Amino acid sequence: MRKLCVISLMLIAFAVVGCGSNGSSGAADAVLIQQAATAQIDEIEKNFHRATSTKDLDLMLSLFADTASVVQTGGTYTGPTQIRKFFAAAAPFQPNNHWMAETPAFKIRITVNGDAGTLYFECHYVDTDTRQMASVVAADTKVARINGQWLITKFVGVPTTLG
């Protein structure tokens, strides 16, 4: 459903861009393109949390460029094989953890500069068995549009607290 909404938003944006009659809509076109890119980058955060909540490693890996790196306490993991290994060992993916991932929307920060950008978000993991907060982590990422798709190129885990 979210993908359908994003695709619809992009189609509307491109339709509006195509309807410019006097050629003076360059600034408006740029705003629409920026908004479409922002919406696509926002989907990375949503799919990241869907992947951790459902323990879907394939979905998680689909968010990363082939040359991406993950930087966390304990090391740097580069490329699909190392990144898969990192997430497979991460607490949200452990079979005995029944965690639901959420992020406060007001804490999401997205920037876009052409085919590059940044995405910051927090992961608030709630244990569905106890209904208690299990973990809080944040991600400071670099993203890029690669072959028409926005992907994470660098993922840095950063300390955070609730608040």
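For the accessibility notes I take buried as under 20% relative accessible area, exposed as over 50%, and partly exposed as in between. The model is a predicted one.

Entry 1. I looked up the total and found four salt bridges in the structure.

Entry 2. I checked Asp42 and Lys46, whose side chains form a salt bridge at 2.1 Å, N to O. Asp42 has 18% relative accessibility, so I list Asp42 as buried. Lys46 has a relative accessible area of 22% and is therefore partly exposed.

Entry 3. I turned to Arg84 and Asp58, which meet in a salt bridge at 2.6 Å, N to O. This pair links distant parts of the chain, with Arg84 in helix H4 (residues 79-89) and Asp58 in helix H3 (residues 57-61), 26 residues apart. Asp58, at 53%, is over the 50% cut-off and so counts as exposed.

Entry 4. I ended with Asp115 and Arg145, a salt bridge of 2.7 Å, N to O. Here too distant parts of the chain are linked: Asp115 is in the loop between strand E4 (109-113) and strand E5 (116-127), while Arg145 is in strand E6 (residues 132-146), 30 residues apart. I noted Asp115 as partly exposed at 47% relative accessible area. Arg145 is also partly exposed, at 28% relative accessibility.

How values were computed:
Residues are numbered from 1 along each chain as its sequence is written. This is a predicted model: local features need pLDDT of at least 70, side-chain atom pairs count only at pLDDT 80 or more; totals for chains, interfaces and linings use all residues. Side-chain values use heavy atoms; hydrogens and water are left out. Buried means under 20% relative accessible area, exposed over 50%, partly exposed in between (1.4 Å probe, protein chains only). Helices (H or I, at least four residues) and strands (E, at least two) are DSSP runs, numbered from the N terminus.
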